[in-house]
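Reader: I have just opened this one and would like to go through it in pieces. Can we take it as questions and answers?

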Amino acid sequence: YYPQINDDDVISLPEWAEGALIYQILVDRFYDQDSRNNPPHTKSWSELPDRHTYYGGDFQGIVAKLDYLVDMGVEIIYLSPVFLSPSYHKYDVSDYSRIEEIYGGKDALKDLVDEAHAKGIKILLDGVFNHCSSAHPFFQDVLKNQADSPYRHWFKLEDFPVSVAKGNYDHFANQVPTMPKFNTAHQEVIEYLTTQSLYWVEELGIDGYRLDVADEVSHRFWRYFYQNLKAKHPELLIIGEIWNYATSWLIHREMDSVTHYKLRQLMLELMTNAIDVPTFIQRYQHQYAHYPTPFFTYLVSLVGSHDTLRLIRAVQDECLHHLTLRLMLALPGMPLIYYGDEYALDGGEDPDNRRAMVWDNPPSEAVEMTKRFARLRSTSPVLKKGRIQFLEPQPHVLRFLRTYQNQKYLIVLNLSQEDYFEPLPIQKDLLTDHQDHRVKAQSMRWYELI
């Protein structure tokens, strides 16, 4: 028997994205630079959100804060949906060919892409292809012409007459009739949405897509989508939102990476003392056993998003909040910071987890330290590309090595109530340049080893 690896079996991923730091932005909630494009009844920046709130954030606001993101080491900005939509969140697209004017429109988005690229930051758009708005003209045609509509097979209809009031068709979460689901196994749907996506790559010069509820879309769709986009733009980054194990999407070359929500749950359990360090290591290794090694440094690590409680609400402690962020930054993968988490922005269940960004509060020492960790992460090949090796654990002290070429970093997370003294030979602390072996209680140190 001889091993045979065909060309299309070789895992090839965009080198520029390996281990890169992602920053997720809800455009409306980040910064309002141009009030002239604000929709009516825009709320004050300090008010809490509801399900119909607009704050006025726009593409120009993100451009105005690019230096802030550069200073934090951000390498990729992932934008919430930007296409025309009747909702504040834009996850119900009514026209895939139009960029929202309340965000500044197509020209402002192109300016953002160009300005970000000039500062070394890539831009990902949110690809919402599982469902659309009931205001989408194709679904409106179904409502008007019913069984005679040329788009009747574009959606999963139960019976006729179709109506939004009855919701007698497949729709998002089976709870939102205003968001009908596409029949993503239908070839015309596949070609339409792929063509739209490819157009915006070429029109705007974006660097990839994050794919919404990717596990509900047909594998046939994703294979066609991936192959067609990559054929013309092989360096695009394609990330799928998948909350469970995602091996089949990766090994069959439908995506470059996925959101690693299982790691989020594991980190939260460790930080809230639901599990001890040995259990964390065992479960961590079990999770990664599902994936081929090349994906380890590409899986999107995250501890918060627009679909979760804010991190500070989940761990109920500001110290633990920042330690969780720093642990995420120290582990292999592509760490994702949800806007405002660097400031421990509060928020409960949706829509409270989508509050407006806080800009007026002066950053605390903990905030500044987390930003320093983020900057170090984004400039370190060891942390971006290195392999991980866990060392002998204690119940509440997590120790692991990150190794790349001839460099070794040691990460020590001390969750105990007592100081811990590291026995390994240390060359320096990566953030202070001091050779201090003491890791204080409830703290983390990043060391370079001799």
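Author: One place to start is the second largest pocket, whose lining has eight nonpolar, four polar and eight charged residues. Keep in mind that this is a predicted model.

Reader: OK. What volume does the second largest pocket have?

Author: The second largest pocket holds about 490 Å³ of space.

Reader: Which lining residues lie nearest its centre?

Author: Arg326, Met369, Ser443, Met444 and Arg445 lie nearest the centre of the second largest pocket, out of 20 residues that line it.

Reader: And which element gives the most to that lining?

Author: Helix α12 does, with five residues in the lining of the second largest pocket. At least two residues each come from α12 (318–330), α13 (365–379) and β19 (443–449).

Reader: Now the largest pocket. What is its volume?

Author: The largest pocket has a volume of about 580 Å³. Its lining has 23 residues, and His89, Phe172, Met179, Asp350 and Arg354 are the closest to the centre.

Reader: Where does the largest share of that lining come from?

Author: From strand β7, residues 176–180, which supplies three residues to the lining of the largest pocket. By class, the lining of the largest pocket splits into eight nonpolar, eight polar and seven charged residues.

Reader: What about closed spaces? How many cavities of 30 Å³ or more are there?

Author: The count is four cavities of 30 Å³ or more. The largest cavity has a volume of about 60 Å³, and the second largest cavity has about 50 Å³.

Reader: Which residues line the largest cavity?

Author: Leu26, Val27, Asp28, Arg29, Ser80, Tyr88, His89, Lys90, Tyr91, Tyr103, His306 and Arg354 line the largest cavity. Five of these lining residues are nonpolar, three polar and four charged.

Reader: Changing topic to strands. Which strands close into a barrel, and in what order?

Author: Eight strands do, in the order β1-β2-β5-β8-β9-β10-β11-β12, with parallel pairing. From one strand to the next, the twist averages 25 degrees.

Reader: Take β9 and β10 from that. How many bridges do they pair over?

Author: Strand β9 (residues 237–240) and strand β10 (residues 257–260) pair over two bridges, in the parallel sense. Gly240 is opposite Val258 of β10.

Reader: Then β14. Why is strand β14 described as largely enclosed by the rest of the structure?

Author: Because seven of the eight residues of β14 (residues 397–404) are buried. Buried here means under 20% relative accessible area.

Reader: How does β14 run relative to β13, parallel or antiparallel?

Author: Strand β13 (residues 387–390) and β14 run antiparallel, joined by four bridges. The bridge partner of Arg387 is Thr403 in β14. A hairpin of six residues links β13 to β14.

Reader: And how many bridges join β14 to β15?

Author: Eight bridges join β14 to β15 (residues 407–414), and these two strands are antiparallel. Arg399 faces Val412 of β15. The hairpin of β14 and β15 has two residues between the strands, and in this hairpin Gln405 takes a positive phi near 55 degrees.

Reader: Helices next. At what angle do α4 and α6 pack?

Author: Helix α4 (residues 105–118) and helix α6 (residues 187–204) pack at about 65 degrees, and their axes are 10 Å apart. The contact involves Lys106, Leu109, Lys110 and Val113 of α4, and Tyr199, Trp200, Glu203 and Leu204 of α6. Five residues of this contact are nonpolar, none are polar and three are charged.

Reader: Last one, a single residue. Where is Lys156 found?

Author: Lys156 is in the loop between α5 (137–145) and β6 (171–172). Lys156 is partly exposed, at a relative accessible area of 36%.

Reader: What is Lys156 in contact with, leaving aside its neighbours within four places in sequence?

Author: Tyr169, Asp170, Lys181, Phe182 and Asn183. Phe182 is 26 residues apart from Lys156 along the chain, while their C-alpha atoms are separated by 6.9 Å.

How values were computed: Residues are numbered from 1 along each chain as its sequence is written. This is a predicted model: local features need pLDDT of at least 70, side-chain atom pairs count only at pLDDT 80 or more; totals for chains, interfaces and linings use all residues. Side-chain values use heavy atoms; hydrogens and water are left out. On a 1 Å grid over the protein atoms alone, a cavity is a set of points where a 1.4 Å probe fits but cannot get out, and a pocket is an open set with protein on both sides within 12 Å along at least five of seven lines; lining residues have an atom within 4 Å of a point. Grid points are joined across faces, edges and corners, and a volume is the space filled by probe spheres set on the points. Ala, Val, Leu, Ile, Met, Phe, Trp, Tyr, Cys and Pro count as nonpolar, Asp, Glu, Lys and Arg as charged, and the others, Gly among them, as polar. Axes are lines fitted to C-alpha atoms, for helices over the stretch in contact, and angles run from 0 to 180 degrees between N-to-C directions. Contact means heavy atoms within 4.5 Å. Buried means under 20% relative accessible area, exposed over 50%, partly exposed in between (1.4 Å probe, protein chains only). Two strands pair if DSSP finds at least two bridges between them.
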